[in-house]
Amino acid sequence: MKVYRIATIPGDGIGKEVVPAGQQVMEALAAASGRFGFEFENFDWGGDYYRQHGVMMPADGLDALRDKDAILFGSAGDPDIPDHITLWGLRLKICQGFDQYANVRPTRILPGIDAPLKRCKPGDLDWVIVRENSEGEYAGVGGRVHQGHPIEAATDVTLMTRVGVERVLRFAFRLAQSRPRRKLTVVTKSNAQRHAMVMWDEIAREIAREFPDVSWDKELVDAMTARMVNRPASLDTIVATNLHADILSDLAAALAGSLGIAPTGNIDPEHRYPSMFEPIHGSAFDIMGKGLANPVGTFWSVVMLLEHLGEHEAAAQLMRAIEAVTADTTMHTGDLDGTATTAQVTDRVCQLLFATRRKSA
Ligand code: NAD
Ligand code: K
Ligand code: MN
């Protein structure tokens with residue numbers, strides 16, 4: 001039996017609630033399938049670790065993760081620690097350390113979800129956003145001088161490399177090619193950002209020639225927000241920079257009903273390092289510690305994790321269970337105006353996984 005080695009990093013806030021829920025569902029899937037297993041190792045990195053050790057994760061932390069088949073992550077963000085410390089000290093350290101340069105964010109309206117777009121039928125909104133995940137606006141290049149003085153100055157430099165742009169665009173074209181509509185929208189802001197974004201546009205035109213069967217168009221990021229609201233069916237696969245896609249994917253999640261549902265994979269497409277899967281939401285300070293977090297974003301992230309491992313049947317089985325719980329309004333958590341708890345939704349998904357096994361046995 002194949003046993004996958006999985007690292008779990010709950011991190012902070014509701015990450016500590018949704019990651020154990022994700023692990024519970026993975027254990028149920030493995031038990032129900034009998035064909036594969038998981039060996040979990042949990043890492044208690046995050047805000048509490050920082051209070052004890054002065055760092056979010058140990059210096060040799062990446063080495064502890066290196067031989068894992070995948071990582072399930074929660075959130076980095078603590079009410080008492082500045083956000084740039086928690087983010088750079090944990091999540092970005094892993095994403096950049098393992099060169100997970102493609103951040104994939106599927107969005108669609110699941111059954112039973114009351115999404116805010118009035119004229120949008122469920123099939124009209126079915127997108128995958130590819131976010132450049134290793135450089136760009138989040139390259140970490142910049143500095144701050146003369147702190148506290150009137151001449152104080154600060155920069156955050158957008159760094160785009162040809163290699164970095166080519167590889168993420170090629171990944172996005174390939175992903176678009178694998179989807180039924182074979183359609184890609186390349187988002188930039190090349191009217192205002194006249195160096196890096198103009199290079200991005202030029203590279204997009206070059207890579208497009210490798211994919212004659214993919215139809216593609218370009219959109220400026222500000223116009224893109226309006227298009228997502230007004231013409232959702234005109235979009236399918238979308239690729240954008242680190243910052244732009246970060247923002248667009250929260251909008252996408254809200255348009256599909258809730259931030260609590262949306263999944264993501266930080267992927268090393270070359271499989272040199274473990275890839276990391278997580279809900280797109282953060283620590284949710286307002287509801288943390290109460291058992292009210294929606295675990296669906298984490299479960300959908302587990303679907304992506306399973307697909308990445310090549311366990312397509314288990315991935316499809318879990319997706320069906322997720323759709324069955326979203327279709328049932330008694331299983332809706334507070335973000336969907338329901339009253340269900342994290343534990344209730346998790347137990348229901350596990351029950352469904354065992355029930356499908358009995359049916360197919
Ligand atoms: P957030 O995603 O934590 O919360 C935004 C809102 O959405 C809150 O009202 C929250 O209650 C709600 N929400 C989010 N997920 C939910 C869920 N699963 N179920 C129900 N409701 C949910 O975003 P924020 O408030 O901007 O950030 C809080 C902290 O999280 C910050 O420290 C931020 O830096 C961090 N953060 C981390 C990541 C990450 O690790 N990938 C991502 C985003 C934010
Ligand atoms: K997250
Ligand atoms: Mn974000």
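**How the sheet and the ligand shell are defined**

Reader: What makes this an open sheet, and in which order do its strands run?
Author: In this predicted model, 10 strands line up as 2-1-3-12-11-4-5-10-8-9, with mixed pairing. Strands here are DSSP runs of E, at least two residues long, while helices are runs of H or I of at least four, both numbered from the N terminus.

Reader: Why are strand 2 and strand 9 called edge strands?
Author: Because two strands pair if DSSP finds at least two bridges between them, and strand 2 (36-42) and strand 9 (215-220) each pair on one side only. The twist averages 25° from one strand to the next.

Reader: How do you know that strand 1 and strand 2 pair?
Author: Strand 1 (residues 2-11) is joined to strand 2 by 7 bridges, and pairing needs at least two, so they pair. They run parallel. Thr8, for one, has Asn42 as its bridge partner in strand 2.

Reader: Which residues are closest to ligand 1?
Author: Gly77, Gly260, His281, Gly282 and Asn294 are the closest of the 23 residues around ligand 1. Being near means that the C-beta atom, placed from the backbone, lies within 6 Å. Helix 4 (residues 83-97) gives the largest share of this shell, 4 residues.

Reader: How do the numbers and letters work?
Author: Residues count from 1 along each chain as its sequence is written, chains are lettered from A and ligands numbered from 1 in the order in which they are written. Local features need pLDDT of at least 70, side-chain atom pairs count only at pLDDT 80 or more, and totals for chains, interfaces and linings use all residues.

Methods. Axes are lines fitted to C-alpha atoms, for helices over the stretch in contact, and angles run from 0 to 180 degrees between N-to-C directions.
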